[in-house]
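User: Hi! Could you walk me through this protein?
Analyst: Happy to, here it comes.

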Amino acid sequence: MGRREARPLAAGAARTFPVVNLCGIPSSAKAVAINLAVVAPNGDGDLRVYPGGQPPPLASSINFRSGIVRANNAIIPLGASGQISVQCDMPSGTTHFFFDVYGFFQ
């Protein structure tokens, strides 16, 4: 399953994405395995990926530098509504990103 957001994610902003009941991820899934990539960041920072509806963790899921494409794998628990959230931590600027769900856990 792939999901792509066309608008860049701004510094300090977060977005929530539905995951369950899309592309074969059942509503009984408790966590997902994802490939997360950061593309075209115009500053240094990190993304934190976490269960939708919960506070972001202290640890980042991926760190990035301006102008460099980065990718990382992660296992992310799902929020109560079967969603994950992505928060952008950088002093200023924006970045594009995508995540690809390639597995789930029940």
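Analyst: One term to begin with: accessible areas come from the Shrake-Rupley method with a 1.4 Å probe, and for residues only the protein chains shown count as cover. For this protein the accessible surface is about 5400 Å², and carbon and sulfur atoms hold 52% of it.

User: Where does the model come from?
Analyst: This is a predicted model: local features need pLDDT of at least 70, side-chain atom pairs count only at pLDDT 80 or more, and totals for chains, interfaces and linings use all residues. Residues are numbered from 1 along each chain as its sequence is written, and side-chain values use heavy atoms, leaving out hydrogens and water.

User: How many helices and strands are there?
Analyst: There are 0 helices and 9 strands, counting DSSP runs numbered from the N terminus (helices are H or I, at least four residues; strands are E, at least two).

User: And what share of the residues is buried?
Analyst: Buried residues make up 43% of the 106, where buried means under 20% relative accessible area (1.4 Å probe, protein chains only).

User: Which residues touch the most others in the largest nonpolar core?
Analyst: In that core of 24 residues, they are V32, I34, L36, L47, I84, F97 and F99. A nonpolar core is a set of buried Ala, Val, Leu, Ile, Met, Phe, Trp, Tyr and Cys residues joined through side-chain atoms within 4.5 Å.

User: Which strand gives the most to this core?
Analyst: That's β4, with 4 residues.

User: New topic: how big a box do the C-alpha atoms fill?
Analyst: Roughly 40 × 25 × 20 Å, along the principal axes.

Note on methods: Buried < 20%, exposed > 50% of the residue type's maximum accessible area, 1.4 Å probe, protein only.
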